[in-house]
Amino acid sequence: MAEHMDPEEFRRAGYAVVDWIADYWSTLGQRPVVSGDPPGALAAALPAGPPVDGEPVDAVLADLDALVAPRLTHWQHPGFFGYFPANTSGPSVLGDLVSSGLGVQGMLWATSPACTELETVMMDWLAGLLDLPRRFRSDTRGGGVIQDSASSATLVATLAALHRASDGRWREAGVDRRYRAYTSTHGHSSIEKAARIAGLGADGVRAVEVDPASQAMRPAALCAAIEADRAAGEVPAIVVATIGTTSTTAVDPLPEIGAICAEYGIWLHVDAAYAGAAAVCPELRWSHAGLEFADSYCFDPHKWLLTGFDCDAFWVADRGELVEALTVMPEFLRNAATESGAVLDYRDWQVPLGRRFRALKLWFVLRWYGVEGLRAHVRRGVALAARFAGRVRADDRFELAAAHPFSLVCFRLRAADEVNAELLARVNGTGRVHLTHTRVDGRFTLRLAVGSPQTAEAHVDEAWTLLQATADDLMAT
């Protein structure tokens, strides 16, 4: 029977695991971005149950090499241009390693004081880095917390909004009226999921039409939807505006939307999951105009800020509203620090009770890269996307489908949807790059999202060369 891994055994195994990760990163460019194996291939290659006797780490790493790695989609690959980036980095991995090694619970200040306090300071650092409104800082009525994802941030914001819209009845009575949530037709799917979890149902979400030119929410359409619901006796509770929509990275007009929410007393949550990171660069902060209207705001450092999943930065303008909506205090959690009112207990800012020490990886990343290093990373992504968009513009067979203010380019062949779908399938089938698609104005559209820290001009150019050559073949048939 294997015994617990002692510190010296851990040291030896840890070196081997770090070596494995370093070797993986150094060979990423030589691997196919996506596995070509059919569903069930890995499951069929694994034994039916765990070993009777323990096995050494070397044996696990050998199977990691032979069985698991070849069947991954390699999100850190320099040719991965799908979805949005899910960056990680050396400092982030090391911070996560320390967090796992410490194994602390951060549900209360009292359960690990440094876990809570480092998180508070990191959220203030981030707020300063993005130049967020003063009301989101921890020395005001507001403050920030790390959620696992923007989906959880939207859910928490929805619950706080229901608490406000019901004048506090929601805590005891639940959803006792027909409350409504609003977002654009390009709002993230997590908004509907949050509404369903909160008891509003999918029918509780009003999809507000977008401007065809900008793909951003139309304030007049939002106002009309709110007025119609009020006239029907329904209660508008929350508007979710987006900075950088998933399809095209459109930016909803916050100044106008914020003024409408202020007029009607509706909670405004701003989802900047991907594009919020752009605000580390002063020249891209135009995207945050009007943010002073927001009751809550979030972005994902795990997308474009070199911090491994999961790490969503979520701020509220009034933490008292959030805590009042979510707090539950059983006897076994009572302690002197909480009773004093002098500390933050982040368990009251989220759905779960338990909390990982996520702030450590953020601390490692912010200290390793510094402000200028993070700005350089974002600017590099924007420049590479602009380079690719320039190639698209110069080829009359292709067209840009939307503006590209950040590091996503939406484009298509001037051809039927099925031709564009075939173009995507063939290019991805080479294993050299991986792109995804959306629909813009109802038409099949390819998306190329730059984000991996390993991606260079050569990789973007290779993607364009593949697209051009494949288009040649398609047009010839």
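User: Let's start with two helices: at roughly what angle do the axes of H6 and helix H12 cross?

Analyst: First, some ground rules. This is a predicted model, where local features need pLDDT of at least 70 and side-chain atom pairs count only at pLDDT 80 or more, while totals for chains, interfaces and linings use all residues. Residues are numbered from 1 along each chain as its sequence is written, and side-chain values use heavy atoms, with hydrogens and water left out.
Helices (H or I, at least four residues) and strands (E, at least two) are DSSP runs, numbered from the N terminus. Axes are lines fitted to C-alpha atoms, for helices over the stretch in contact, and angles run from 0 to 180 degrees between N-to-C directions.
Here, the axes of H6 and helix H12 (residues 319–326) cross at roughly 90° and come within 9 Å. H6 is therefore roughly perpendicular to H12; angles under 35 degrees count as roughly parallel, over 145 as roughly antiparallel, 65 to 115 as roughly perpendicular and the rest as oblique.

User: Which residues of H6 and H12 meet?

Analyst: Contact means heavy atoms within 4.5 Å. From H6 come Val 156, Leu 159, Ala 160, His 163 and Arg 164, and they meet Glu 321, Leu 322, Glu 324, Ala 325 and Leu 326 in H12. The residues of this contact divide into six nonpolar, one polar and three charged. In that sorting, Ala, Val, Leu, Ile, Met, Phe, Trp, Tyr, Cys and Pro are nonpolar, Asp, Glu, Lys and Arg are charged, and the others, Gly among them, are polar.

User: Now the sheets. In what order do the seven strands of the open sheet come?

Analyst: The general idea is that strands of a sheet pair through backbone hydrogen bonds, either parallel or antiparallel. Two strands count as paired if DSSP finds at least two bridges between them.
In this sheet the order is S1-S7-S6-S5-S4-S2-S3, with mixed pairing. Strand S1 (143–147) and strand S3 (205–208) are the edge strands, each pairing on one side only. On average, neighbouring strands are turned by 20° against each other, direction ignored.
You can see both senses of pairing. Strand S2 (residues 179–184) runs parallel to strand S4 (residues 235–242), joined by five bridges, and Tyr 182 stands opposite Val 239 in S4. S1 and S7 run antiparallel, also with five bridges; Ile 146 has Ala 313 in S7 as its bridge partner.

User: What is the strand order in the open sheet of four strands?

Analyst: That order is S8-S9-S11-S10, with antiparallel pairing. Strand S8 (398–400) and strand S10 (436–440) each have a single partner strand, so one side of each is left without a neighbour in the sheet. Neighbouring strands here are turned by 40° against each other on average, direction ignored.
Follow S10 and strand S11 (residues 443–449): they pair over five bridges in the antiparallel sense, and Thr 436 has Arg 447 in S11 as its bridge partner. H14 packs on this sheet, touching S8, strand S9 (408–413) and S11, and its direction makes about 15° with that of S9. Helix H15 (residues 417–429) lies across S8, S9, S10 and S11, at about 30° to S11.

User: What is Phe 388 in contact with, leaving aside its neighbours within four places in sequence?

Analyst: Its contacts are Val 409, Phe 411, Leu 448, Val 460, Trp 464 and Leu 467. Phe 388 lies in helix H14 (residues 359–394) and is buried, with a relative accessible area of 0%.

Conventions:
Buried < 20%, exposed > 50% of the residue type's maximum accessible area, 1.4 Å probe, protein only.
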